[in-house]
Amino acid sequence: MSRRLPPNDAQQLWQEYRSGDMYALAKIMQSHYSDLFHWGMRLHADREFVKDCIQEIFLNLWKMQESIRPVDNVRAYLLVVLKSRMLRELAKKQTAYNSSVSDEYAFSVEFAADVHLIEEEHEIYQTRKLEYGINHLPNRQKELIYLRFYQNLSFEQIADVMHLGRQSVYNLLQKSLNSLRKNWTVNGLGLVFYFLTGA
Amino acid sequence: MKPYESYTIDDFIQDEDFRDWVQGNSNRESFWLSFLQQYPEQWETFKHAERFIRATNVTDERLSEAEVRKEANRFIERASAFIPVRHPAKAPRNTEQSTVSPFDFRWKLALATLLTVVLGISWYLSRPDLIQPFPHLAEASKKQLVETINDTQQPLRVVLNDSSEVLLSPKSRLRYPAQFTGNSRTVYLTGEASFSVKRQSQPFMVFTGEMVTRVLGTRFVVRAFDLDRNITVQVLSGKVSVYKAKAKQEPVSKEVSGLILYANQAALFEKTVGNLTKTLVANPSLLIKSEKEASFVYDEVPLPVILRELEKSYGIPIQFDEQNFAASRITATLSSESLYEKLDLLCKAASASYEITDGQIVISPQRVHAQK
């Protein structure tokens, strides 16, 4: 994962964009592109569709610059906007044969543990086990873990992206961690996984 | 120092620094490497947290730099076709007429932009040299205009046929006749340029969209990028008049839509509102004078005397009530400070404050706060 733009720089660019600088907005797009693209692909794995949606949200930001307010975190804001744009577009596509737009949108992520630096067999095994557990969590919980640990968002920002209260986000994460621990003890070959024991 | 000895798995995985380290982005590599020696009883917790972070890794999408750049360029291309919608801030309820006309105006602007883009494309396709006549400029139809675009990173020096000099900033474009004829010297600027105009009886005029800058012979900077909200003119020396292009083509008519600027003054044209206001340049410089320059070293000098000297040295009018400050005597050496720094120091010493209004400096006594 490449280094992200420091939030302060993003804020600065956002300010410049809002005062009418198109190139500042283009810079924002460029520096957030891979995160947005990755996120978009989780929601609907169609490269061209995701790219088009990203184009549209930035074009809209440009057209609407007057009514766009300062934001606390540019990246989190863009993730929210992209998500709602994509879900809207997908709903439009679907209404052709299915009129019900449910709250249950697809989200697919495949966690792939980074074990290339681990030498110990046992360690790799442990990590793989955990990876398996995470991949078998319910979708919403995977989305949350993805946003927290891949996109590095705060609970507050995740709450915005997932349309949940901050406390619900926190509870959901605890639930995920707890169920990981439970799963682990049940099919964990007698190994006890001390997850959150100290909490 | 964080309470690492009592850290739980949860604390570790929520610790950004720890996460960075596991993901190989830390700048505290040695701290985390020696962590377990320092806190051996945390081994289990530490390992679980480390595994968890590793397990939440997601492979990146294959997306090349070139693809991202292509998308950014695609955005710039498409966005350039739109003049962003800007409403005057908190517009009061207006009659229908006044809400319709700015829309109309935007339409025309959008059309004009489109036209320019189309012309630009055909211009690009025909691959001409930088010098190119511009037949679509009505005012210039008779004269042969040449165009210089500065797409380098450095300012570009352009010498006009009256031997006036223009320093064209990057990303800027200047159109001018190969030969000045008639009773005015007219050039068209998009972007930023600094002008050194040779004094002649024919006025020199810089057209920048809706604003015109007119001079006889002087040095000044015009900034008028399409995407900027304002057009500014900063005067370095001499006298410049600035007015709106719409009002009247002839500046001689006594329209209020114009301003006269002297050295160190600047004009600001707000494109959205169409307002033209006078202010000061960002860093006023001393006027070049033949007589000996002021040293700005003061020993028990009354403030009004100092202010009059500043006024003369910078050529900027300073307004204040003589009586208010007659008693303030200043001892200071201000030779290396900028004008604004000088004013800051003087005002502080005299418990006063200053503001810039209409290209002048106004100094007033600070309101004395009630004693506690």
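**Entry 1: B:Asn264**

I looked up B:Asn264 and found it buried, with 21 other C-beta atoms within 10 Å. I count a residue as buried if 20 or more other C-beta atoms lie within 10 Å of its own, as exposed if 12 or fewer do, and as partly exposed in between, with C-beta atoms placed from the backbone. I worked on a predicted model, in which local features need pLDDT of at least 70 and side-chain atom pairs count only at pLDDT 80 or more, while totals for chains, interfaces and linings use all residues. Residues are numbered from 1 along each chain as its sequence is written, and chains are lettered from A and ligands numbered from 1 in the order in which they are written.

B:Asn264 sits in the loop between strand E11 (258-262) and strand E12 (265-270) of chain B. I read its phi as near 70°, which is positive in a residue other than glycine. Helices (H or I, at least four residues) and strands (E, at least two) are DSSP runs, numbered from the N terminus.

**Entry 2: B:Glu300**

I then turned to B:Glu300, which is not a glycine but has a positive phi of about 55°. This residue lies in strand E14 (residues 297-302) of chain B. Is B:Glu300 buried or exposed? I count it as exposed, with 7 C-beta neighbours inside 10 Å.

**Entry 3: chain B as a whole**

I noted 10 helices and 18 strands in chain B. Of its 372 residues, 26% are buried.

**Entry 4: a sheet in chain B**

I followed an open sheet of 3 strands in chain B, with the order E15-E18-E17 and mixed pairing. Strand E15 (318-319) and E17 of chain B are at the edges with a single partner strand each, so one side of each has no neighbour in the sheet. I take two strands as paired if DSSP finds at least two bridges between them.

E15(B) and E18(B) run parallel and are joined by 2 bridges. Here B:Gln319 has B:Val362 in E18(B) as its bridge partner. Strand E17 (residues 352-357) and strand E18 (residues 360-365) of chain B are antiparallel, with 6 bridges. I found B:Ile356 opposite B:Ile361 in E18(B). The hairpin of E17(B) and E18(B) has 2 residues between the strands, and B:Asp358 takes a positive phi near 55° in this hairpin.

Helix H10 (residues 339-349) of chain B lies across E17 and E18 of chain B, at about 145° to E17(B). Axes are lines fitted to C-alpha atoms, for helices over the stretch in contact, and angles run from 0 to 180 degrees between N-to-C directions.

**Entry 5: chain B against chain A**

I counted 34 residues of chain B in contact with 42 residues of chain A. Contact means that the C-beta atoms of two residues, placed from the backbone, lie within 7 Å. Helix H1 (9-14), helix H5 (43-55) and helix H6 (65-80) of chain B each supply at least two residues of the side that touches chain A.

I also checked helix H3 (residues 47-63) of chain A, which packs with H6(B) at an angle of about 40°, the axes being 10 Å apart. H3(A) is therefore oblique to H6(B); angles under 35 degrees count as roughly parallel, over 145 as roughly antiparallel, 65 to 115 as roughly perpendicular and the rest as oblique. Residues of H3(A) that meet H6(B) include A:Phe58 and A:Trp62, and those of H6(B) include B:Arg74 and B:Phe75.
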